[in-house]
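The following note sets out a few points on the structure shown below.

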Amino acid sequence: MTKLAPLVFTLTLAAQTPDTVHLEELTWVEVRDAVKAGKTTIIIPTGGTEQNGPHMVLGKHNFRIRHNAGLIARKLGNALVAPVMAYVPEGALEPAEGHMRFAGTITLPDEYFRKVLEYAARSLKLHGFRDIVFIGDSGPNQPGMKAVTEMLNAEWKASPTRVHFIPEYYRGNGFDEWLLKQGISKEDAGTHAGVTDTSTLMAVDMRLIRKDKLAKGGGFAGSGVDGNPTKATVALGKKGIEMIVEVTSNLIRKSIAAR
């Protein structure tokens, strides 16, 4: 009987850069090469860890802005997204104020928030990013982002790097006005965890919503809800995200062009 020589199979595993715009999902070599290839814009998104009523998770801001920042980066075409800053100003501790009265909320004094933001920007400048974009999903984040932008741009005036703060991501994107035209009252849209907030998070991931807890005003006094989340829908949220992404992307391009 003829003895057969063993078959030898050689497998070549080709390295492949993942299809992602998120910095934390890349290796340092991949980031280096992306910058060399022209991805010189980086978005630093700031979120927050705070109460959002009985029906929405504490990480609403973080999940939402990570999703939206990814869409914005892809729309820009030459951008990456830094990890979301999840610890932001949420109010005082002693006595507890605002969202700090609710279990799970985490606050950071504004001065420390600004320092983290500043050194994230300094780190990314060192690695070759020329346009650093700040967008924030929560109100208390806005003053700090504005202040750090002004401070760094003054310091970096002679360098090729600029910081761009886009407040319209949070307010001024047209979504609130559009909701009114759809018959959603300001009362129902709410200022926190109402139609606006709930719809956009629904559009990101329904698993982050407790559907059995949806109730006008949260269903009880002191729920942390201002608005009527029972009128929230995925369709409304998708439209809101579309508007936010479009407006923010256009303003980033305009800000970079004016540098």
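1. How many residues does helix H4 have, and how far does it reach from its first C-alpha to its last? The model is a predicted one, and in it H4 (residues 141-155) has 15 residues. The helix reaches 22 Å from its first C-alpha to its last, close to the 21 Å expected at 1.5 Å a residue.

2. Which residues of H4 are buried? They are Asn 141, Gln 142, Gly 144, Met 145, Val 148, Thr 149 and Leu 152. Seen down the axis of H4, these buried residues fall within an arc of 160 degrees, so they line one face of the helix. An α-helix has 3.6 residues a turn, so residues three or four places apart point the same way.

3. The buried residues of H4 pack against strand E1 (41-46), helix H3 (110-126), strand E3 (131-136) and strand E4 (162-165). Within H3 is Glu 111, which is exposed, with a relative accessible area of 54%. Glu 111 and Gly 144 are 33 residues apart in sequence, yet their C-alpha atoms are 8.0 Å apart in space.

4. E3, H4 and E4 make a right-handed β-α-β unit, in which E3 and E4 pair in the parallel sense over four bridges. In a regular strand the side chains alternate between the two faces of the sheet. From E4, Arg 162 and His 164 point one way and Val 163 and Phe 165 the other, and all are buried.

5. Phe 134 stands opposite Phe 165 in E4. Leaving aside neighbours within four places in sequence, the contacts of Phe 134 include Met 145, Val 148 and Thr 149, which are among the buried residues of H4. Further contacts of Phe 134 include Ile 44, Leu 117, Ala 121, Val 163 and Ile 166.

6. The largest nonpolar core has 43 residues, of which Ile 43, Ile 44, Ile 132, Phe 134 and Ile 135 touch the most other members. Its largest share, five residues, comes from helix H2 (residues 60-76). Apart from this core lies another, of nine residues, including Ala 193, Met 202, Leu 208 and Val 225.

7. As to the chain overall, its secondary structure comes to eight helices and four strands, in the order α-β-α-β-α-β-α-β-α-α-α-α along the sequence. Of its 259 residues, 46% count as buried. Among contacts between residues at least 6 apart in sequence, 75% join residues at least 24 apart. The C-alpha atoms fill a box of roughly 85 × 65 × 40 Å, taken along the principal axes.

Methods
Residues are numbered from 1 along each chain as its sequence is written. This is a predicted model: local features need pLDDT of at least 70, side-chain atom pairs count only at pLDDT 80 or more; totals for chains, interfaces and linings use all residues. Side-chain values use heavy atoms; hydrogens and water are left out. Helices (H or I, at least four residues) and strands (E, at least two) are DSSP runs, numbered from the N terminus. The expected span of a helix is 1.5 Å times one less than its number of residues. Buried means under 20% relative accessible area, exposed over 50%, partly exposed in between (1.4 Å probe, protein chains only). The arc is that of the directions from the helix axis to the C-beta atoms. Contact means heavy atoms within 4.5 Å. A nonpolar core is a set of buried Ala, Val, Leu, Ile, Met, Phe, Trp, Tyr and Cys residues joined through side-chain atoms within 4.5 Å. Two strands pair if DSSP finds at least two bridges between them. A crossover is right-handed if, with the strands pointing away from the viewer, the path from the first strand over the helix to the second runs clockwise.
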